[in-house]
Amino acid sequence: MERTKIPRIATPVPDLRDVLELLKPVTWFPPMWAFLCGVVSSGVPLVDRWPFLLAGIMLAGPLVCGTSQAVNDWFDRHVDAINEPERPIPSGRIAGQWGLWIACIGTILSMLVAWATGAWIFAATCLGLACAWGYSAPPFRFKTSGIWGPAVVALTYEGLTWFTGASVMAGALPPTHVLIILALYSVGAHGIMTLNDFKAIEGDRATGLRSLPVVLGVGRAAQLACMVMAVPQAIVVLLLASWHHMLSAGIVAALLGGQLVLMRRLLSDPRRHAPWYNATGTTLYVLGMLAAALGLGGVIAL
């Protein structure tokens, strides 16, 4: 008696628009902005570095950041099936193992482009990709920690992309003063990432994610986030002034003052005002990044 063969159903190749949705282009802006800050802070003219500049933009946005989004959605597909079933993977629009394959393809492409761009860019890209996988994938899943999760995202979105921009232009390790400023803005971005956790406190608590609002409570977490955002910027102001970038220091100080005013409203009701602060105070924060970069790069002279 012949054994009945069950025909294998091929997994359909996902549509390009569904892949693009998985990569979340809206999330590419923060790292691309930080990359721009790195480019400006280098002080190197763009004339002879256009190919490297374009490669860096691709790395900061669609490649590394897009890959991190695919990794996150793949390892969160079971949770998304409950909370956001319309997303490409749980909805079946990206079926089978395609979500994982897209993440792997993005990882390989990112490393190839980075390798062709330079040793320091390759090293930063490898670290960024390691953070992207470690953030979402077991056994690490840094996202379950209110300390390590925001720290990993802040490092990759701000520090590493700033580093990449400066390295792309200089073709070498950025100078020490640039490294110090990008490190300070990376630390401050930890507070911004903490604010993003206020929108999902119940879900985080139910699924065992130990975000700072869950662990510390809403009020204390908001206070800590504000302090983490403000203190590094104050240090940036002092450093810029000590390096005789007075105009740049003054602009950053003014933008920090605006944030402190907005923080008062944020702290009055953190859960209600966190999205509002992300649209206002965070905008002032990233404008301060650019002002600092313009001073470091000699574009703002005074």
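Me: Let's start with contacts. Among those between residues at least 6 apart in sequence, what share joins residues at least 24 apart?
Reply: Happy to begin there. In this predicted model, the share is 72%, counted among contacts between residues at least 6 apart in the protein.

Me: Which secondary structure elements does the protein have?
Reply: The protein has 13 helices and zero strands. Its radius of gyration is 21 Å, close to the 19 Å from the globule rule for 302 residues, so the protein is as compact as a globular protein of that length. Along the principal axes, the C-alpha atoms fill a box of roughly 90 × 50 × 30 Å.

Me: How much of the protein is buried, and what makes up its accessible surface?
Reply: Buried residues account for 48% of the 302. The accessible surface is about 14900 Å², and carbon and sulfur atoms contribute 70% of that.

Me: How should I read helix H13, and what does it span?
Reply: With 27 residues, a straight helix would span 39 Å, yet H13 (residues 270-296) spans only 34 Å between its end C-alpha atoms. Now look along the helix: H13 has a kink of about 50 degrees, centred on Tyr-277. After H13 comes Gly-298, with a positive phi near 80 degrees.

Me: Is Lys-24 buried or exposed, and is His-244 buried or exposed?
Reply: Lys-24 is buried, at 17% relative accessible area, whereas His-244 is exposed, at 62%.

Me: How many disulfides are there?
Reply: A disulfide is a covalent bond between the sulfur atoms of two cysteines. A search of the whole structure finds zero. For Cys-65, the closest cysteine sulfur is in Cys-131, 13 Å away, which is too far for a bond. Cys-126 is in no disulfide either, with the nearest cysteine sulfur, that of Cys-131, 11 Å away. As for accessibility, Cys-65 is buried at 4%, while Cys-126 is partly exposed at 25%.

Notes
Residues numbered from 1 in each chain as written. Predicted model: local features only at pLDDT ≥ 70, side-chain atom pairs only at ≥ 80, totals over all residues. Heavy atoms only, no water. Helix = DSSP H or I, 4+ residues; strand = E, 2+ residues; numbered from the N terminus. Expected span 1.5 Å × (residues − 1). Bend = angle between axes of the 7 residues up to and from the residue. Rg over C-alpha atoms; globule rule 2.2 N^0.38 Å. Buried < 20%, exposed > 50% of the residue type's maximum accessible area, 1.4 Å probe, protein only. Contact = heavy atoms within 4.5 Å. Areas by Shrake-Rupley, 256 points an atom, 1.4 Å probe, with all protein chains shown as cover. Disulfide = S-S within 2.5 Å.
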